[in-house]
Structures are given as structure tokens and as C-alpha cells.
Amino acid sequence: MKALLNWLDHRTGYKLLVHEALNEPIPGGARWRYITGSMLTFTFIVQIITGFALWTAYSPSTQTAWESVYYIQHQMSYGWLVRGIHHFAAQAMMILLGLHFLQIVWDGAYRAPREVNFWLGLVLMQIVIGLSLTGYLLPWDQKGYYATKVATNIAGSTPFIGQQVQQIAQGGSAYGHHTLTRFFALHAGLLPALLTVFLALHVYVFRRHGITVPHSAQGKPADTFWPKQVLYDAAGCLVTLALVLYFTLTRSAELSAPADAGEDFPARPEWYFLFLFRFLEFPAISKMGVAFGAIYVPTALMIIVVLMPLIGKSQWGHYFNRLFLVAVLAAVAVLTGMTIIEDNHNESHQAKLAFAERDAHRIVVLAARDGIPQNGARELLVNDPLTQGPRLFARHCSSCHRFDGHDGTLQKIMKTVEENGVKKLIPEPATAADLKDFGNREWITRVLTDYDATFKPLENAGEKGQAILTGEMSSWCKDNQKALTDPANAESLKALVEFLTSQGGRSDLGAFDEKLVADGKEIFKGGTLKSGTLSSSCVDCHAMKVAGERTSLSEGAGAGYPTLTGYAGRDWLKAFLRNPAHPDFYGDKNTMMVFDDKRLSEKELDLLVNWMTGDYYLPPNAHHTK
Amino acid sequence: MANPSPESPPVVPHGPVAPRRGFISLLAVLAGGIAGLVPVAAGTLFFMDPILRKRKEAGGGLLRAGDISDLPTDGTPVRVVLKSDIVDAWTIYRDRVIGSIYLRLMPNGQVLAFNDTCTHLGCKVDYQPAEKQFFCPCHQSAFQLDGERKNLTPPRNMDSLEAEVKDGEIWVKYQNFQTATKEKKAI
């Protein structure tokens, strides 16, 4: 073995190389504060390894980028692990970059003869930021898409050349295939190559001048790099890796729904750019234009940083540099904290995030069902009632109705009022029923036993609304409330509800109790309860043809008495929405909006109705939750 | 290469602290080794995905291959194209051609099905009506109509496929097999 190594050394001279690498003197002894550089190099190597692995499965185009990342994350062996490490190591790199920078400036390691190396470090910092910006877009999910749009729009605000810069970055005037191919080539090709070259130069120049020994350590015995400093460095790397793994295992790398230019997203940049985001929000700053806050101010700060070695020649200059850095970091911390706290208190923003999260979960369920169609994963969401229903509800129904108190998409509907000269937001009262439970057992029970409470919002709907609340069904309910809520009639009420619920043929309401349905039919027909009878039976007013039966149970009293044939089922709801003023429904008494095909296309109507009647794909063992 | 500042004291690499130095070295190697190994292992396992992951078996079910009335009653082979949904990584392609087969109607009403891929090196085998044989244009493999090989170029007979007739419809379990081996091994 020794002979072989001697032979290799004779041919290559590797021993000298190893000796030089490991026996670099550390004046003043090994110290923990020197480890940040090695940790950065380590995370960069981790990124190269995991990045290469991801590269073998990633496909940069608008129809395959999200899809391939989904496949990596949810289908491939250890894809979640590799992507998680890559995702969180990237964030670790930003933190380490900050620590390294802080240590260099604090210890005055930028001063002669190390100015050039300081500048090389700044170049490395820009490359790392470039890697982070380009990498964020690659999954082509909503989050990366909208956050990166902000970044390229900022580039577009550069004076004189902005538009050209933006088009070159995007590969055209809009986002598309070439945005991804370009960002990918930068992220996996040019930037890592530049980083490698500049890192080599950085280490070379560092070795030339050696470590900057802080005052406290001067005069203490020296060490060599090996083994004590190597141990410190390795321990630092191990801790970094442990943290990265911890986040991978507990939080996993996020993947929001596929990018969709037509779908809003509560975009925020990655946490390390939140300060800039918040800075641009200040009215005083936004008034000055995007270029001022996003380009001029950061550039001015950067110029001061670049000049640090010159400013720091005097002791006072060095103090200035320290103070400047601490001030900037403090401002960054405050702005970041402000954004996080403000966002946490912003109910509407939180609702948007929660709703976006639902899309992110839903698309994974749909994609796992039997694969992604050729046109991409977005198509699955576009055709999914559970995804589109709430949006259609928000657009078409929520001006009067609510869904569990919100507009379908978890947003509270608010309006601005002026109170003592102060404008404030208050919830906008609904003018029609909350439809969360529409057609289910609770709904029908409530309509029968407490009609006025179910339709209480109609109070806000003016005269026509009042007319409904004082109408025949309302009086029928008042007349029969006592009988229906009598504990002796609990079973009768249950039977009537079961019968009515079963008419819609809905699959989201569980199995129906045949015995109850049969009993309920008799009550519906004759009005005879276990104890007493109804003031008038349902068939006296409502038309009903029981599903599967040849003849109608009743023809009803005509226009204005809604038919209960197939009540709250797909067909009933579609016909009702298309024309609630039809004689089969409210007739002349109708106060509801008519949704003809100009207002709601056939496809939209299907999506809305299928969502409301629970007719959409659910994975095995899942339960209906709208 | 290293150029320590003139004020630095001399380096003391050896001395009475040597045993401790050995322990530190060991720890350094261990810590560095683990830190380096984890990402390499994760990346390698991910790269090995094609052999680590069990995929949903493609073409496992029966595919419709036409009607029995389409086949000549004298047992002449007919080439039929099979269509199915294909999954390629994340994409599902609906109703795509996945391959072609030969079908023969036997006098007893049974249907024989063969994969038309040559067992030698995977070219498509032609039917030659004049010689009443299957013939591969690549390396002259020839097979009888019952699939038995007529020369020793192919390593085995033609690959038969499971086929059944239900209400006049022909249903075939389409499979591809490893070429150039004696055993018929589904892939």
C-alpha cells in the first residue's frame, strides 16, 4: 500500500497538495468563528450533489416543470428527501452568507491586504442571490411564479434598459417555456460554474493572506488547519446538515398549485427577501417609484459595502463599517418581522393562503389518481368541481349568499363604513341563506323546523325578502314547529328528512335508511306524525315524483310552490339556477337572480352544481368536506 | 502557498499533545464523513429510482383486439394494432397505440395471439402468405404459424399471449418480453 502511494506521489505530487491543504497555519489557534466559510463551501457542495440528482428528473417547460417536480416530490424514491435538502440547504446558505459577512466585517478581515478577497466574496454573494432567485421559479408553481414575476418586473423598472433586461431574462415579453429554459440554464449551468471559479479564487487569495486573527487571540499559540480547525468546521457542517434534515422531515419543501396566470396568489418572496418587499410597501418609498426602492437604494447600500475596505483604513472607518452593517441588519430584521406580524394579522391574506393550500393538496390528489393529462396539471384543476365550485360561488352567488360565513373561497365579505369620520371595514351582511349545508339532512331539518332562522339573511333583502319570511312556507313552519320538534315525533321528523334528502340522488350524503325513507314518504303524503298531524301535508303544495316511480305523488299547487322532485340533486339545482322564476320553482314570487347561459356557461354551471351536490373525485377513504 | 503574517508565532504541530490530536483527528474524519455521506447517499438513492420503485404494472389487464368475425376461418394470421392508456412518468396518454400482435382463429374456435416482436433482437416479424410462415427481415428468423421457430437464429419460439373470446370479442393480455434469451421473461 505504502509503495503504491509513494508511486502515486512520485507521479502526481499529491502529498504536497494534501500537506499544503491540511497544514495551513492558524495563528492564534483554531476558533469556532472561522467555520462559516467552510460551512458555505459545504452547503454549496450539497447543492451540487442534490442539484445534479434533481436535474436527472426535472423537465423545464411550462407544461412539464411543475409536473416533473410533483413527480420528484411525490412519486420518485427519496425525491422528497433530495428536494427537501436542496430547498432548505439553499436557505441555510443565505443565513451562512449573512454570518460569514458579519464575521468578516466585524473582525475587519476586509482590510489591507485582503481587499480583493473581500470583493471576491461580494461577487460570490451576488451569485448566490442569483441562484436563489432563479431556483425559486423552476418548480413553476403559483408561489414561485408570482414571486419571480415581481423580481423580473423590478428588473424591468431599471432606468433606460429595464425593458430589454426583463425581456432577456424572461426570454420574451411574457413568461413561457423560454423563461424556464433560461432560468434553468442559469441556475444549473452558468451560475454554479461562476460560483466554482470565484470560490476557487476566494480560497486561493484567502490562503495567500491567511486568517485574520482577532485581538483577543493574538499572541496565543498557533495551530494547523488539521485536525482541530477541521473538526470545528466539520462539526459546523454536521449541524447545518442536521438542521436541513430536520426541516425536510418536519416541513418538507413546499410545492403550491401549478402556475396559472389567471389565478390570483398571495405571493410573498422567500423570507430572506421579505425586508425588501416590506420596504417597497412604505407609501413614501412606493411614491418614489419601484426603481427607487428596489434598485437605487439597494445599489447605494451595496456601494458602501464595496467601499468598506477603503472606509475601514482608519479605526473610525472600521467602526463606521461595523455600525453600518449592524444598522442594515437591524433594519432587515425589523422589516422582516413587520411583514411576518402584519401578514399573520391580515385575515384576508391568511384566508388566501389557506385557500391556495387547498389547491396545492387537491392537485396532488388529482395527479395521483391516474396521471397528468398531456396539457399539464393545471387542466386537472380547471376541470375539477371541488376546485372551481368555490370560485364560481364567490363570483356568482356570494353577493347575496354565504358559504359557512365566507364567500366560498374562505374570504369574509367586508364593506367600508365611516364611523365618526374614520373609515373601517365591517362584515357585509348576507341577503340570502348560507348554503354550506344545502340539501343535506341538517338543511332540510332546519328548513322544516325553523324556516325563519334558515332564511334570516332575507331580512336584509328589502321588501321581497320580507315577503318570503312572512310567506306561506314560513307560516306553515310556525304552525307545525311544535309538532315537528316534539320529542315524541323525533322519529317522524327523521323519516321525513330522510325521504326528502334521498330525492336528490346525491352521493355525498352517505347511505339512506330505506325504512325511514318509506316512512317519510307516507308523512310527506298524508301528514300523519307519530303524535298528531301536520296542518297541511307537503303534497298539498309541492309537486313530487319519487325517483324510480312511474306516477307522480302529487302535482302540487302550481307556480310559486317549488317542485321537490329530485330536490337538491344535480338536475334540480341546475334547472333551478337556470330559471328560478320558472313555474316549477318560485314563479312570480321569485327574487333570485336568473343564471342563463350568458351569465353562467354550461360548463361553469356543471362545475358549480357538481361541487354543491358533492359530485367530484375523492380518493379512497376520504370524506366530503367542501 | 501559505504565507503566514510575520507576527504569527511558530506552528507547533507535534509534542506532548499527540494522543489528543489523534482523537481530534478521528472525530474530524467522522463528522466530515457523515456530513459528506448523507447528501451523496440521498442523491444516489434518488438516482437509483428506476430500480428501487415498484411502478404500476402497465398493460396488466385485457385489451380489446377486435371481433372474432374479423378473422379468416382458415387460420391465416391477421396483424392487429392494440391501443391503451400509457403512463410515461407523470403523463398519462389516453388511447395510444402500444404495439401490434398476430391473431389466428383455430378450427376449434380458439384464438391464438402472438406478440409480433422477434425473440431474437426485437425487430417486427412479417407474415409471408406464400411460405405460410412468420419471417423476420433483420436476421432471417423464421417461425411456423403455431409460433415454433424454423431455424436456430431466434433463441426461442414466438411469444404467445393470453387471449380469450367473450361474446364474439377478442381480448388479449398484451406483454413484451426480454429478447435474445432462451426463457420467455415478461418485461
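A word on what's on screen. This is a predicted model, where local features need pLDDT of at least 70 and side-chain atom pairs count only at pLDDT 80 or more, while totals for chains, interfaces and linings use all residues. Residues are numbered from 1 along each chain as its sequence is written, and chains are lettered from A and ligands numbered from 1 in the order in which they are written.

**Stop 1**

Chain A has a radius of gyration of 34 Å, well over the 25 Å from the globule rule for 626 residues, so it is more spread out than a compact globule. That radius is taken over C-alpha atoms, and the rule is 2.2 Å times the number of residues to the power 0.38. Along its principal axes, the C-alpha trace spans about 105 × 70 × 50 Å.

Now colour by burial: 37% of the 626 residues count as buried (20 or more other C-beta atoms within 10 Å of a residue's own, with C-beta atoms placed from the backbone; 12 or fewer is exposed, and in between is partly exposed).

**Stop 1: the domains**

Colour 19-267, 268-345, 350-427 and 441-612 separately; these are domains 1 to 4 of chain A, with bounds from an automatic or database domain assignment. The C-alpha centres of domain 1 and domain 3 of chain A are 35 Å apart. Where they meet, 13 residues of domain 1 of chain A are in contact with 15 of domain 3 of chain A (C-beta atoms, placed from the backbone, within 7 Å). On the domain 1 side, α4(A) brings the largest share, four residues.

**Stop 2: helix α4**

So, select 65-74 of chain A. Nine of the ten residues in α4(A) are buried, among them W66(A), Y70(A) and I72(A). Show 36-55, 79-106, 177-209 and 347-370 too: these are α3, α5, α9 and α16 of chain A, and the buried residues of α4(A) pack against them.

Keep Y70(A) highlighted. In the largest nonpolar core, of 84 residues, Y70(A) is one of those touching the most other members, along with V82(A), I85(A), A89(A), M93(A) and A234(A). (A nonpolar core is a set of buried Ala, Val, Leu, Ile, Met, Phe, Trp, Tyr and Cys residues joined through C-beta atoms within 7 Å.) Click on M93(A): leaving out residues up to four places away in sequence, M93(A) touches L40(A), T43(A) and V128(A).

**Stop 4**

**Stop 3: the hairpin**

Finally, zoom to 414-419 and 422-427 of chain A. β3(A) and β4(A) pair in the antiparallel sense over six bridges (pairing takes at least two DSSP bridges). Two residues sit between the strands, and N420(A) takes a positive phi near 50°.

Technical notes. Contact = placed C-beta atoms within 7 Å.
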